[in-house]
Amino acid sequence: MIFDFPFSFGQKSSLLLIFFFFGLVFSLLTLRIGVLRENKASKWLSLLLFLCTMYITPYMLGYANWYSGGVTREILFFVPFMQVFLIGPVVFFYMKSLLDSGFRLSQREFLHFLPAVLYGVYSLVVFVTDKLILDEFYFYADGRDKDLANWYQASGLFSMAIYLILSLKYYTDYKKRIFNEVSYADTILFQWIRNFTIAFLGILILRVLFFIINPDWGEFGSQFWYYLSFSFIFSYVAIAGYTNVVKYTTLSEIGQSGFNKYQKVEQKEVEQDDKSQPDSSLLKETKPNQLDEARIVEWKTKLQHLMGENRLYENPRLTLTDVAQELGTTSKLISTVVNQGFRMNFNDYVNQFRVEAVQQRLKAGEHISKTLLGVALECGFNSKATFNRAFKKNTSISPKDFLESLTNE
């Protein structure tokens, strides 16, 4: 039997059709890079773009008269295009894979997909009951697509909001940790994560606003403008996300390699600690908040001497582990000394030395034969933006103002 699948190319259906094909293309492009480069974040982004594409599908086809009857109507009824319970978890795991290139789903984390699985089972029950068991519709007696039901759309919005909060919390914890472990945190904390979060938040805000405008989620009406707005936002995510994938197969070729090195060494330290005897002095030292004032002062002196004499700060990839290895101790101990002894994180501690080194070189007139950025890079900074922020944070003035003050002396 040959079925005729009509598609009415009206203004609304045609606009959404463009975004539909756009989403599919970028989903496949992103998946291709993810497979070729074995990049998990790209695969999660590809899945997210596909889910967003499927999210607008019922409305695109609805405006093309697929709900008018026949085979097309039943396709829309029985195929769960809108997986609103999947979008939130995928966003969350995309964020985690961006920040941790070694991220893998644990068995416990599969529970995040339980609501989507249950809705899939519900959709299957509806199909079997209305198409295979009964001679007439029972679940679809009202003639309305279950994907557009108020309870499902509202629950999906709540789910996405929860996962946005979880993503923000994960990123906040990551920032706190990374600033305390490496001296090039700005290299790892890239702008795309912030823009992606804002875009996803924009989608949720739009959904709430349009819900207020048109409380009946199941009616097309003014819903078109929401789905059109949604399409523009997810198109931005597709383009910017794909660009980010092309530029960075990991968080940063420099930053992430150093961070992974730290994580491996840290894990080794933990394993060694677990095997240590209870009365081991090393075990006592590696536990935070157990160093008395005398020990803090002792290690502060050692650390200051090492940083000053060996000029470790000139290494733009310097990590907490590098310093700990130089002093023959653990990264946990050094972290405790920096946090409690100097009241700052490791990133700020190292940048403090770099700023002082830049000041000394500028006072010596090195900026006459070199560029200001050149001096900064020789002192361990890895970018102009990072240098400017750190310099102003430590001196309360910009590098340019500091140079002008030297000229006026």
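**Close-up 1. Salt bridge between Lys370 and Glu378 in the predicted model.** In this predicted model, Lys370 and Glu378 are joined through their side chains by a salt bridge, with an N to O distance of 2.9 Å. Lys370 is partly exposed, its relative accessible area being 31%. Glu378 is also partly exposed, at 35%. The pair belongs to one network, in which salt bridges with shared partners join Arg311, Glu314, Arg361, Glu366, Lys370 and Glu378.

**Close-up 2. Salt bridge between Arg361 and Glu366.** The side chains of these two residues, Arg361 and Glu366, form a salt bridge with an N to O distance of 3.7 Å. Arg361 has a relative accessibility of 17% and is therefore counted as buried, the cut-off for buried being under 20%. Glu366, at 23%, counts as partly exposed. Arg361 and Glu366 are both members of the network that also includes Lys370 and Glu378.

**Close-up 3. Salt bridge between Lys169 and Asp173 within helix α6.** Lys169 and Asp173 form a salt bridge in which the closest N and O atoms are 3.1 Å apart. Both residues belong to helix α6, which covers residues 150–179. They are four residues apart, or about one turn of the helix. Lys169 has a relative accessible area of 51% and is exposed, because the exposed class takes values over 50%. Asp173 has a relative accessible area of 41% and is partly exposed. In the whole structure, a search finds 14 salt bridges.

**Close-up 4. Crossing of helices α15 and α17.** Helix α15 spans residues 346–363 and helix α17 spans residues 384–395. Their axes come within 9 Å and cross at roughly 90 degrees, so α15 is roughly perpendicular to α17. Angles of 65 to 115 degrees fall in this class.

**Close-up 5. Residues in the contact of α15 with α17.** On the α15 side, the contact is made by Asp348, Asn351, Gln352, Val355, Val358 and Gln359. On the α17 side, Phe387, Ala390, Phe391, Lys393, Asn394 and Thr395 take part. The residues of this contact divide into five nonpolar, five polar and two charged.

Terms used: Residues are numbered from 1 along each chain as its sequence is written. This is a predicted model: local features need pLDDT of at least 70, side-chain atom pairs count only at pLDDT 80 or more; totals for chains, interfaces and linings use all residues. Side-chain values use heavy atoms; hydrogens and water are left out. Axes are lines fitted to C-alpha atoms, for helices over the stretch in contact, and angles run from 0 to 180 degrees between N-to-C directions. Helices (H or I, at least four residues) and strands (E, at least two) are DSSP runs, numbered from the N terminus. Angles under 35 degrees count as roughly parallel, over 145 as roughly antiparallel, 65 to 115 as roughly perpendicular and the rest as oblique. Contact means heavy atoms within 4.5 Å. Ala, Val, Leu, Ile, Met, Phe, Trp, Tyr, Cys and Pro count as nonpolar, Asp, Glu, Lys and Arg as charged, and the others, Gly among them, as polar. A salt bridge is a side-chain nitrogen of Lys or Arg within 4 Å of a carboxyl oxygen of Asp or Glu. Buried means under 20% relative accessible area, exposed over 50%, partly exposed in between (1.4 Å probe, protein chains only).
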